[in-house]
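Student: I'm new to this structure and would like a close look at one part of it. Could you walk me through the place where the two chains meet?

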Amino acid sequence: VIPPSSSVRPPRGCAVVLLLLAFLHPTAEVVAQDAPGSHRRWLLALAGGVVLGLPAALADPFPVQLGSCNEPGCVAPVAAAVGVTVGFLLGKERDEAAARRFVAGPRLQLPREGVALPFTPERVVPVEGGAVALGVSGMAHLAWEGPDPTVGSARGMAAGAAFPERGLLLTVRPDGVFAFSLLFRDVRGRLLAGSPGGTGIAALGPDQVAVLGGGGIRILELDGGLAELGLREVGTASSGEPPVAAAPVAGSHLLWVLTRTRLAAVDTEQFRELGGVEIPILPLGMDVDAASGLGVVAGGSQGLLILDLTRPAEPVVLHRYTGVREVKGAVVEGRLVYVAAGDQGFVVLDLSDPLAPEVVGVSRNLGDPSSVQRGVDGLLVTDRAARRLHRLLLPLPGLAPSGDRWEDP
Amino acid sequence: MRYLLPPLLGALLWIWGIHPPPAAGAQSQEARAAFREGERLAQAGDTTLALASIRRAVELDPAFAEAHFRMGVLHAGLSSGEPREFRERLSARGALERAIRLDPENPLYLLEFGKLLLRQQIRVDAQRVFQRALDLGERADASTQAELHFQLGVFRETQWLRFRERHRFPQGLGPLSEARAVRDPMYVWDVLERSYTFDGQGEADRESMLAHFRAALAANPAHAGAATHLLAYHYEVGALDEFMAEAQRFLAAAPGEWRGYLALGLGLHVLGRQEEAAGSFRYGVELMPPEIRDDFESVARILPRDEAELLESLEGEARAEALRSFWVRMDPLLLTPANEYQVEYVARMAYADLRFGLPEYGIPGWRTDRGDIWVRYGAPERVASFSPTSGGSWEAAHRITTVWSYGRRGPVFFFNQNPGYRQAAFAGDFRSYARELRSVESARFDAPTLASLISVPVQVARFRSDDGVRVEVHAALPLDSLLPGGGGVLDTGVFVLDARGRELHRRVQQEVVVAGSPPVLVRSWVAELPADTPLVVSVEARDPVSWVAAASRERMGGIAFPPGAPSVSDLLLAGEVELRVPGPRRREDFRIRPEPRLTFIPEAPVHLYFELYDLLPDPDGFASYELELSVIVEEIYRQGPLRRLLGELADRWGVSEVGEEAVRLRFRREERVVARDVIPEYLSIVLDEPPPGRYGLSLVIRDRNAGVELVTARSFQILEGEGPAPESPPR
């Protein structure tokens with residue numbers, strides 16, 4: 001015969017288990033730094049205890065003798081303990097999920113101006129009054145103030161560059177360069193005969209373009225109007241390995257060329273390298289702010305690289321920031337860096353001290369931003385998963401362009 | 001006294017150091033020699049002798065930890081994942097445990113012990129052992145650290161994968177019935193649509209997984225396991241930029257690693273860079289060990305079972321030729337340098353290996369159940385996994401069920417998996433379901449660069465030529481679908497292959513199409529080809545900007561025009577046939593506007609052109625022959641479901657016009673054939689109020705002098721509103 005006192009053992013045991021769970025399984029390190037609070041586990045534990053314990057306490061004794069614990073006085077604490085344990089575990093999962101979603105920094109509620117696309121946008125080319133989205137399975141010309149996007153059938157475009165003075169858009173694929181008229185929102189385009197194929201393209205001025213290919217960079221001059229447009233090669237610059245991205249500096253002959261291991265400054269007039277620096281992460285893309293001389297390199301899950309590019313002959317890596325889990329794309333503007341951080345949201349960093357960037361705002365209403373880039377009057381943010389393109393006008397509401405602290409409006 | 005103790009102890013240690021006990025030293029040296037010999041033998045590949053030698057080292061010096069370790073590793077290498085082959089695993093385990101007992105803080109020993117536990121499916125202990133080894137990190141070299149991080153990363157990955165697609169049934173729905181799912185794919189689709197998921201499931205595991213894989217690659221940038229698992233992650237979450245960057249980084253670190261090239265090819269394929277993808281795949285396949293390459297290249301897995309058996313029975317050159325021929329036949333566009341479906345196939349194989357491969361058990365991904373389905377049908381439209389239930393069939397109980405649905409019409413596959421394990425196998429009857437489906441639809445292909453593949457109406461007619469057969473190909477390229485925006489440049493081509501896929505003729509060119517062109521562009525080609533050869537004629541067009549393509553593939557048996565024996569060419573149906581000269585003697589004496597679509601409007605004349613060869617002349621030099629032409633209504637096109645139903649009933653009861661002769665003509669001709677052996681013939685027929693439909697035209701020629709009967713036939717259709725195709729000169 002088991003003495004009645006044994007009926008209180010299970011709740012005690014459960015309490016011990018609970019305490020052990022709470023103290024021996026702390027939230028993951030990455031979460032613990034910025035955890036917004038761990039109240040869900042306790043609330044759900046309480047709810048679980050009440051939901052299971054209360055009915056058991058109010059129920060009649062079990063008519064069938066199943067064991068030593070048949071009385072409500074025994075069943076209720078057991079049920080409550082089970083409810084508390086289950087609730088606690090569920091709540092702990094919720095807490096951790098909330099903590100992961102939470103990046104240090106205040107929430108930024110951005111006005112969304114998004115356009116749905118019928119294909120997955122891989123690249124966006126900003127054009128006057130809109131943008132051209134490029135994807136493996138299509139392209140679309142969007143106007144912010146105007147009709148619905150003009151969806152074209154051109155496919156597989158790896159990158160594009162706009163030449164507003166010529167009303168022209170050039171896109172590139174490994175099999176050549178394609179020309180589109182911006183004036184007529186042309187989305188059919190044509191292959192420029194004899195043009196080099198590539199994986200990237202950058203406008204160097206109204207008449208010059210750089211095509212990034214496997215062997216390096218080809219500088220080409222545009223010749224003629226759209227109907228009879230031709231490209232004439234004026235020089236090449238070898239980057240040693242396939243370039244990942246290039247960022248021209250407006251008003252100069254300077255082109256920053258990013259490869260898998262290096263960032264180099266190239267003089268596009270003399271076709272020679274001015275200087276370079278090793279990149280310690282796998283780069284996905286880059287951006288340069290000519291005014292501040294700051295550059296950023298997006299490194300996916302390896303973080304964000306902040307560089308001092310004031311002296312092209314001696315670029316310097318200032319800091320590798322890993323506070324954002326996935327840096328899919330980044331734009332630097334003044335002292336602010338705008339980061340497309342995937343499911344973490346859209347993150348704004350303050351680089352007042354480039355060695356210690358601070359998160360000044362995180363927006364979660366843009367879906368899963370997969371890229372961000374400078375637009376004509378703001379930023380263009382894509383969401384691959386949701387096939388959307390968002391425009392954000394600068395300065396962002398509540399955030400001074402200088403990078404002053406964001407204030408809760 | 002206490003001041004004297006340290007010097008005394010030091011002196012003792014010094015004496016011990018320079019004069020070790022002689023017996024132990026001799027035994028250790030002998031043991032070491034035996035161990036070295038064992039190592040040499042193991043490197044030479046003689047595991048049995050190596051084990052004997054190392055065993056002797058252990059007998060000589062039972063405290064020789066390294067020898068125990070090596071013995072354990074060799075035994076582990078001899079063991080397999082088969083449950084029945086446990087002896088080697090037990091020996092390995094005993095030896096490794098002894099090694100760890102002697103040197104408990106050696107991360108390498110712990111790593112191998114953990115791997116052995118994994119092979120024994122003792123996963124929890126294995127994970128603990130790996131973690132312990134990692135905690136002793138300072139003694140681990142970079143390679144060991146990389147492997148430890150990789151193994152721990154795989155544990156976290158297993159957890160992440162377990163929760164990533166975890167769905168829950170709404171109240172009152174579920175669990176899914178496997179029996180019903182086999183019969184009714186729509187049921188599964190609807191349940192999946194109503195099931196729901198929670199955000200953020202398994203995220204902590206994902207973070208930990210990524211951290212471990214990154215750490216493994218930091219320690220050893222060429223670690224294939226960590227790189228491929230990381231690549232699989234990037235691929236699945238759609239981080240293509242990162243995927244490509246990681247693939248290129250991995251290849252730079254491990255340029256001889258075939259998996260890296262397959263991964264790079266996979267990324268290029270998704271980006272629509274087919275030629276580069278094909279090149280990367282080709283290089284990766286070349287780098288594969290021969291036994292893996294043979295298995296990888298075999299397309300038996302995407303063939304119906306009987307064809308697969310036939311292919312598997314071939315060896316050497318015959319097998320290579322069969323594979324080559326298969327892929328040529330499968331190539332949807334001969335116009336493009338890459339074979340889109342072959343690239344897609346290899347991309348699927350590459351992904352299957354990245355995600356479902358179990359290298360620790362020597363199982364490539366494409367050999368697993370999920371890999372097999374992935375390779376045959378591609379990515380499912382919906383994936384959901386459901387937590388273990390206590391009910392259901394015995395093999396589903398307490399196991400995770402993963403559902404792959406390929407759309408409302410199916411197919412649907414269920415897989416079962418033990419929690420915490422990476423292997424998944426077909427659930428319930430789904431193995432036999434997959435087998436049955438294979439006989440109906442052995443594979444399903446599409447490709448990112450095949451935006452759409454429109455059909456091209458084509459008429460192919462074969463005539464006799466000096467050296468063989470002159471093949472005329474007339475095609476109506478649908479410009480309105482190919483270049484919907486108006487003008488542009490179009491790549492066009494005609495290809496003629498023999499039955500084995502060898503190219504006999506190729507003509508590729510670019511057409512500049514101006515805006516405002518008619519919706520159909522008629523193009524004609526002529527090719528001289530060998531006689532009596534079965535042919536495959538492919539006409540293709542593609543917009544290089546949009547990748548919209550059109551193609552037609554006509555398969556025809558061989559035709560021969562034996563000298564001295566009567567024969568007849570194919571019938572060429574035309575919208576117009578006119579004589580250029582009186583008394584025509586050859587094809588060039590006619591102006592013919594062929595009808596590539598083989599479609600005519602009602603009551604418009606159907607013109608026929610054909611040639612008769614080597615009819616036997618009588619003593620006066622005249623060939624005498626009888627022509628019998630009949631047109632039969634094969635099918636009537638009816639609009640609307642009711643009309644179709646009534647029409648079908650009428651067809652079956654024989655009260656409709658289907659099967660009736662619309663025209664029957666019979667007439668006799670005599671032609672002087674001295675100094676020529678070709679008689680060009682042309683006819684025009686006008687059907688009396690023919691209903692829209694498909695018609696069969698048959699022509700019987702009886703050579704009265706030779707007593708030979710020749711037959712040729714062609715189908716055409718009558719449609720309202722189908723204007724004549726414009727004329728185009730042959731090329």
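**Where chain B meets chain A**

Tutor: Happy to. Let's begin with the head count: 37 residues of chain B are in contact with 32 residues of chain A. Keep in mind that this is a predicted model. The size of an interface is often given as the accessible area lost when the parts come together. Here chain B and chain A bury about 2,800 Å² between them, and 52% of that lies on carbon and sulfur atoms. On chain B's side, the residues that lose the most area to chain A are B:Asp241, B:Glu242 and B:Val545, which together make up 20% of what that side buries.

The rule finds three salt bridges across the interface of chain B and chain A. One to look up in the model is between the side chains of A:Asp343 and B:Arg206, at 3.1 Å from N to O.

H13(B) supplies the largest share, eight residues. Sorted by class, the side of chain B that touches chain A has 16 nonpolar, nine polar and 12 charged residues.

Note on methods. Residues numbered from 1 in each chain as written. Chains lettered and ligands numbered in written order. Predicted model: local features only at pLDDT ≥ 70, side-chain atom pairs only at ≥ 80, totals over all residues. Heavy atoms only, no water. Contact = heavy atoms within 4.5 Å. Buried area = accessible area lost by both parts, 1.4 Å probe. Salt bridge = Lys/Arg side-chain N within 4 Å of Asp/Glu carboxyl O. Helix = DSSP H or I, 4+ residues; strand = E, 2+ residues; numbered from the N terminus. Nonpolar A, V, L, I, M, F, W, Y, C, P; charged D, E, K, R; others polar.
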